[in-house]
Amino acid sequence: MLDSLRNATSTWISKLLLGLLVLSFAVWGISGQMFTGAGGDVITVGNTSVSVLDYRLAYDRRVAELSQQLGTRLTRAQAEAFGVDNQVLSQLTAGALLDETSRKMGLGLSQEKVAGLTAADPAFRGADGRFNRQQFEFVLNQAGMRPEQYLRNREQAAIRQQIVDAVAGDVSVPETLLTNVALYRGESRTMEYVPLPRSLVEPIEPPGEETLANWFEERQSDYAAPEYRKINYVKLEPEDIIDPSVISDEQVRRSYEENRDRYTTAERRTIEQIAFASEEDAAAALESIRTGATFEDLVAMQNKSMEDVSLGTLTRDGIADEAVAEAAFSLPEGKVSDVVEGAFGPVILRVTEITAEEATPLAEVSEEIRQELALSEASHLVLDTYEAYEDARAAGQTMQEAAESQQLAMQTVEAVDSSGRRPDGSLVQDLPASRQLLSQAFETEEGLENRPINLGTNGYLFYEVEEVIPARDRTLDEVRDEVVEDWTDAEAARRLSEMAARFQKDIEGGKTLDEIAAEIGQEKAVKRGLKREADDADLGRAGVAAAFGVPKGGTGAFPNPAGDGQFLFQVTEVFEPASASPEMVPEEVAGSMRRAISNDLLDQLIAQLETEHEISVNRGAMQQALSF
């Protein structure tokens with residue numbers, strides 16, 4: 001049994017052995033209190049067992065990992081399709097085998113070492129980056145775990161690591177293997193290719209009814225309608241219970257007065273400033289103005305332009321130098337100041353334009369203020385409304401009735417699949433907390449009252465599934481247009497493939513790509529220096545793979561990246577690197593090879609331990625773990 005499990009999930013054993021604690025509660029976020037009273041163990045290996053709690057926590061963690069990778073929360077059915085239950089069973093069996101082996105070997109860890117590992121756990125660090133006892137207790141409390149449970153599992157993981165390190169802790173990749181990898185990666189090729197556009201086989205006549213029906217029957221599952229669900233939901237946020245009518249005119253006026261600065265545009269002045277090296281120079285310049293010189297004359301005397309001396313149009317708060325600000329905002333428009341002792345030396349100022357302070361009248365902002373006050377008031381009433389809604393449901397009211405009793409609106413999505421699409425293929429727009437709502441709605445049952453989803457820091461989303469519309473096979477008439485389009489695309493690809501096969505035989509018979517290109521009215525192209533792992537813009541990964549899938553002189557065809565035809569190609573040159581050494585292999589590649597070798601060793605270790613220990617799996621307890 002374990003052999004079949006490992007074949008299905010070979011990498012998960014090694015990931016477990018190289019990885020984290022079985023009870024990585026800070027990530028899984030599920031409370032052990034949920035399983036209080038649950039009996040039986042899922043796995044037993046000698047005197048070592050894996051509880052229902054251990055299995056459920058590991059299961060939830062794996063679901064969370066896959067959900068993050070796929071960008072959507074997996075439903076229970078999807079997790080089963082991925083084989084998560086058996087993956088986790090395989091992981092935990094491997095862990096139990098190691099634990100039982102370490103028990104028999106008498107391996108252990110000192111209390112000081114366990115304490116050091118705990119202190120190093122980032123989940124328990126405070127704001128200063130050091131171990132924080134309160135944070136430690138908080139995280140454990142959130143997970144429903146006692147400190148002694150955590151310490152026992154931390155010790156368990158460290159002991160496992162001792163065995164792992166002994167088997168695969170210092171693995172190196174043979175230099176011969178690295179040299180061959182360098183040769184493999186360093187090879188480059190030249191490809192000549194000719195486009196085979198779809199137009200060469202068009203027009204494609206419509207399929208006959210029998211042809212289309214047979215083609216559809218072979219692929220009917222591809223056109224099946226997924227499960228849809230009719231979902232009712234009620235959103236409760238401050239915006240949903242806002243009532244501006246409860247705000248009096250006096251409250252609006254008082255808020256306006258208290259926040260007058262928000263509705264006032266400060267006085268602004270357009271200011272010019274000439275700086276001087278000394279007070280004597282500044283005083284002489286000021287005297288020249290008094291005897292007939294202009295401000296522009298002083299600017300010209302310094303070989304500057306008017307743009308050079310412009311400070312711009314500023315409010316008083318926008319001028320960092322207080323002495324300059326005081327002088328500039330004391331001047332009449334068009335006047336020149338006395339010498340001002342600025343922070344960076346003496347200056348003379350001129351104000352060319354003054355825009356007076358302007359206050360927005362209360363009448364123009366009263367509704368805005370009323371809305372803000374009403375929203376603030378509604379924020380304080382969200383919890384009261386939540387409790388009143390819940391009381392109404394507890395009293396037997398329907399979602400519609402409970403929502404109306406609190407002046408909330410119940411919304412209905414008539415039919416939506418787990419990806420958020422309607423039966424016509426369109427996306428449901430403006431669905432609150434859409435990813436979480438759909439994920440949970442497809443895990444609950446029809447007619448069941450569910451816990452609300454939190455919206456931000458001060459909102460709730462109540463939901464229920466009114467109807468489950470089962471997945472079904474569609475008829476040909478329902479999807480005829482789509483099927484005809486798919487058949488036409490497939491037929492075009494088939495005909496192009498046949499054409500490419502004929503051309504390949506022509507090349508084998510001595511015809512050149514240039515002759516074929518001329519025959520079909522296309523131009524031959526040449527791509528040099530192709531590397532195995534390249535994602536060429538013209539050829540795509542499929543084209544590069546095709547180029548390295550044949551020997552020198554070999555031919556082939558592959559779909560072009562644009563999806564509207566194929567490329568007929570021939571590999572004309574193959575170049576191996578002049579020299580290859582282990583150092584040419586990138587570290588990430590060499591590291592991956594080391595991990596692969598380690599994984600192989602660890603898989604062999606687990607296979608050997610399976611022959612040495614009696615293993616018992618309780619499928620009933622396993623299903624019990626997944627029923628919570």
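1. Let's start with Lys527: with a relative accessibility of 15%, this residue counts as buried. Buried means under 20% relative accessible area, exposed means over 50%, and partly exposed lies in between (1.4 Å probe, protein chains only). Lys527 makes a salt bridge with Asp536, and their closest N and O atoms are 3.4 Å apart. A salt bridge here is a side-chain nitrogen of Lys or Arg within 4 Å of a carboxyl oxygen of Asp or Glu. Asp536 is buried too, at 17% relative accessible area. Elsewhere, salt bridges with shared partners link Glu205, Glu491, Arg494, Arg495 and Glu498 into one network.

2. A word on what you are looking at: this is a predicted model, where local features need pLDDT of at least 70, side-chain atom pairs count only at pLDDT 80 or more, and totals for chains, interfaces and linings use all residues. Residues are numbered from 1 along each chain as its sequence is written, and side-chain values use heavy atoms, with hydrogens and water left out.

3. How many salt bridges does the structure hold? There are 47. One of them joins the side chains of Arg290 and Asp338, at 3.2 Å from N to O. Arg290 belongs to helix α13 and Asp338 to the loop between α15 (322–328) and β8, so this pair ties together parts that are 48 residues apart in sequence. Helices (H or I, at least four residues) and strands (E, at least two) are DSSP runs, numbered from the N terminus. Arg290 is exposed, with a relative accessible area of 56%.

4. Now look at helix α16 (residues 362–394), which holds both Arg370 and Glu367, three residues apart, or about one turn of the helix. Their side chains meet in a salt bridge of 3.5 Å, N to O.

5. On the surface, Glu279, Glu280, Asp281 and Glu341 gather in a patch of negative charge. Patch residues have over 30% relative accessible area and no salt bridge; like charges are joined within 9 Å, and nonpolar side chains (Val, Leu, Ile, Met, Phe, Trp, Tyr) within 5 Å. Helix α13 (residues 279–290) gives the largest share of the patch, three residues. Glu341 sits in strand β8 (residues 340–342) and is partly exposed, with a relative accessible area of 44%.

6. Next, find the hairpin of β1 and β2, where two residues lie between the strands and Gly46 takes a positive phi near 60°. Strand β1 (residues 41–45) pairs with β2 in the antiparallel sense over four bridges; two strands pair if DSSP finds at least two bridges between them. Thr44 has Ser49 in β2 as its bridge partner. In a regular strand, side chains alternate between the two faces of the sheet. Strand β2 (residues 48–51) has Thr48 and Val50 on its covered face, with Ser49 and Ser51 on the uncovered one.

7. Which strand is largely enclosed by the rest of the structure? Strand β3 (residues 188–197) is, because nine of its ten residues are buried. β3 pairs antiparallel with strand β14 (residues 525–531) over five bridges, and Arg189 has Leu530 as its bridge partner there. Ten bridges also join β3 to the antiparallel strand β16 (residues 565–575), where Pro197 stands opposite Gly565.

8. Finally, four strands form an open antiparallel sheet in the order β11-β4-β13-β12. Its edge strands, β11 (410–416) and β12 (453–454), each pair on one side only.

Methods. Areas by Shrake-Rupley, 256 points an atom, 1.4 Å probe, with all protein chains shown as cover. Lys, Arg positive; Asp, Glu negative; His and termini not counted. Charge placed at Lys NZ, Arg CZ, Asp CG, Glu CD.
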